[in-house]
Amino acid sequence: MKKYLVETYYTCTFKTVHSLNELNEKNMSEIDNRDDGTVEVIEVKLNNRKTKKIGQEKSKISSKKEEIQIIDKKSDNKVNNLVNKTNDIQNKIKTKLSSRFKMPDRRKGYIQKASIGEHKIYLHTGEYDDGKIGEIFIDTNKEGELVKALMNNFAIAISLGLQYGVPLDEFVDAFIDTKFEPSGKVDGNDRILSATSILDYVFRELAISYLGKEELAHTPSIAKTSNKNDFSDDDKFLKIVKNITSKGFVRSNYEEKLVDLSDIRLNIKSKN
């Protein structure tokens, strides 16, 4: 059996009649507090009438509260998930920045000999398996033990920075165009003709060989760009060449450094 509740709203207009012996301000101020007046109803008007099931409001209110609680739980879960994700990302970034990517024991690289004035410079590089530079060594002659020790330790500092993830671009921007002696004409390098210092020469050479910054070179590259499309990325032979060849030595021009030996025949005779 269903039970219903009826709510009716009325507007009632009435008047109160008081009798006064004298009409003055004192009696008029006390008239609102008097209880001896007579009340007469003037009009009664029906405004609104509503019917509803008993207990319906409680169920609606409880359902709304449950919905609000569910939404709050979902929002709390989303916030917690976002906080956990951001913390995980920050931890990963911190671990990557704080971890050192050590060089392989057997590594690729090249040695570039050059001279600035009467000073000979030997630049040694070491590469990861993917061709990225990971270390450098700088050897000089006609220098005192102090200068040699400073250059060696400077190269170690640069190598540690590269192994901890510092981009080579940052070092190039920092040390290009530094000026101190020895400086002047450069002999022994086919792309660099002059340098303002040893550091300017070293990082100019690294930028050309590993970053492809041809604007820092003094002579144009002899590589032909027209033949680069002849080799696809899926060419197994080219992948083998990339794996065994120093990226800095060939300056990323693997196609120009390849030698076609398909038409060459070798006659090998064994000795009796």
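Author: We'll go from the whole chain to the sheet, then a helix, then the charged pairs. This is a predicted model, so local features need pLDDT of at least 70 and side-chain atom pairs count only at pLDDT 80 or more, while totals for chains, interfaces and linings use all residues. Residues are numbered from 1 along each chain as its sequence is written, and side-chain values use heavy atoms, with hydrogens and water left out.

Reader: Fine. How many helices and strands does the protein chain have?

Author: Helices (H or I, at least four residues) and strands (E, at least two) are DSSP runs, numbered from the N terminus. Here there are 8 helices and 7 strands. Of the 272 residues, 25% count as buried; buried means under 20% relative accessible area, exposed over 50%, partly exposed in between (1.4 Å probe, protein chains only).

Reader: In what order do the strands of the open sheet run?

Author: Strands pair if DSSP finds at least two bridges between them. In this case 5 strands make an open sheet, ordered E5-E4-E3-E6-E7, with antiparallel pairing. E5 and E7 (194–195) are the edge strands, each pairing on one side only. H5 packs on this sheet and touches E3, E4, E5, E6 and E7; a contact is heavy atoms within 4.5 Å. The direction of H5 makes about 40 degrees with that of E4, where axes are lines fitted to C-alpha atoms, for helices over the stretch in contact, and angles run from 0 to 180 degrees between N-to-C directions.

Reader: Which residues stand opposite Ala114 and Ile121?

Author: Start with E3 (residues 111–116) and E4 (residues 119–127), antiparallel and joined by 6 bridges. Ala114 stands opposite Ile121 in E4, and Ile121 stands opposite Thr140 in E5. E4 and E5 themselves pair over 7 bridges, again antiparallel. On the other flank, E3 pairs with E6 (residues 184–187) over 2 bridges, with Ile116 partnered by Val186.

Reader: What do the turns look like in the two hairpins?

Author: Check phi at the glycines. The hairpin of E3 and E4 has 2 residues between the strands, and Gly117 there takes a positive phi near 70 degrees. The one from E4 to E5 has 5 residues between, with Gly131 at a positive phi of about 100 degrees.

Reader: Now a helix. What span should H3 have?

Author: The expected span is 1.5 Å times one less than the number of residues. H3 (residues 145–163) has 19 residues, which should span 27 Å; its end C-alpha atoms are 27 Å apart, so the two agree. Its buried residues include Met151, Ala155 and Ile158, and their cover includes E5 (133–140), H4 (168–175) and H5 (198–210). Just after H3, Gly165 has a positive phi of about 100 degrees.

Reader: And the charged pairs: how many salt bridges are there?

Author: Side chains of opposite charge can pair when their charged atoms come close. A salt bridge is a side-chain nitrogen of Lys or Arg within 4 Å of a carboxyl oxygen of Asp or Glu. The search finds 7. One of them joins Lys15 to Glu40, with closest N and O atoms 3.4 Å apart. Lys15 lies in E1 (residues 4–17) and Glu40 in E2 (residues 38–53), so this pair ties together parts 25 residues apart in sequence.
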